[in-house]
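Here are some notes for a colleague who is coming to this structure for the first time. They are meant to be read with the sequence and the model side by side.

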Amino acid sequence: RNTGGKMLGALALTPESLASRLPPLVEDEDPSEMINVSKVLNGVRLNRPPLLDPEPKNGKAGHREAICASLREKDMLGHLRQGWSMQVMQPQRYLKEWQAMIAGMESWLRSPVGANVYVTPADSQGLAPHWDDVDVIVLQTHGSKRWFLWEGSDCLKRDHSSDLDRHQLGQPNQEIVLETGDVLYLPRGTIHCAKS
């Protein structure tokens, strides 16, 4: 618990700071590789249109334009107020504080490290239960989340799962509340989801 307030403040992406801390997109960058917007409703994950619209009205340019619009501060805050989670993929590409942390972890672990940041409004859930094909280290940088954990199989997973039905999983084996500064390690294949 409590990994250091100064470091956490630099790493935290809050609803208020998310848009201002992300850079403008460069001409050839695919915005869907920067951010995803989703929520879970009645056990099913929904992705925010038009972020994943396979046939935008204006072709590829219209698709990019729609995603760029979703990255504007007022639109991000609107998504969050409506219960949508914002997933920032590989924040170390854009934020120097994340670059330093990832470089330090790679040096310490002697392994490549990736990162995602999830900004989830109160009483919301961004992802359905699933397992990942990598070990996951969760660092709670702001607020709190309740994590639900189920046992995975004994074999190491080579692929991530699709969304799993929480009712078919039954009761979780563990429920853990992470507060600001807490860290949670999830071995590859651990079935999990979180709710703010």
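1. In this predicted model, four strands make up an open sheet whose order is β2-β1-β3-β4, with antiparallel pairing. The edge positions are held by β2 (44-47) and β4 (116-119), and because each of these has a single partner strand, one side of each is left without a neighbour in the sheet. On average, neighbouring strands of the sheet are turned by 30° against each other, direction ignored.

2. The pairing of β3 with β4 can be followed residue by residue. Strand β3 (residues 85-89) runs antiparallel to β4 and is joined to β4 by four bridges; within this pair, M86 has V119 of β4 as its bridge partner.

3. W98, M101 and I102 are the buried residues of α5, and since they cover an arc of only 95° around the axis, they lie on the same side of the helix. An α-helix has 3.6 residues a turn, so residues three or four places apart point the same way. The other side of α5 carries the exposed residues K96, A100 and S107.

4. Which residues touch the most other members of the largest nonpolar core? Of its 17 residues, these are I35, M86, W98, I102, V117 and V119. At least two residues of this core come from each of β1 (35-41), α4 (73-81), β3, α5 and β4, and α5 gives the most, with three residues. Leaving aside residues up to four places away in sequence, I102 touches Q92, V113, G114 and A115. There is also a second, separate core of eight residues, among them V138, W147, L149 and A194.

5. R110, which follows α5, lies in the loop between α5 and β4 and has a positive phi of about 55° although it is not a glycine; with a relative accessibility of 78%, R110 counts as exposed. D123, likewise a residue other than glycine, has a positive phi near 55°, and its place is in the loop between β4 and β5 (136-139). At 67% relative accessibility, above the 50% cut-off, D123 counts as exposed.

Terms used:
Residues numbered from 1 in each chain as written. Predicted model: local features only at pLDDT ≥ 70, side-chain atom pairs only at ≥ 80, totals over all residues. Heavy atoms only, no water. Pairing = 2+ DSSP bridges. Axes fitted to C-alpha atoms, helices over the stretch in contact; angles between N-to-C directions. Buried < 20%, exposed > 50% of the residue type's maximum accessible area, 1.4 Å probe, protein only. Arc of directions from axis to C-beta. Core = buried A, V, L, I, M, F, W, Y, C linked by side-chain atoms within 4.5 Å. Contact = heavy atoms within 4.5 Å.
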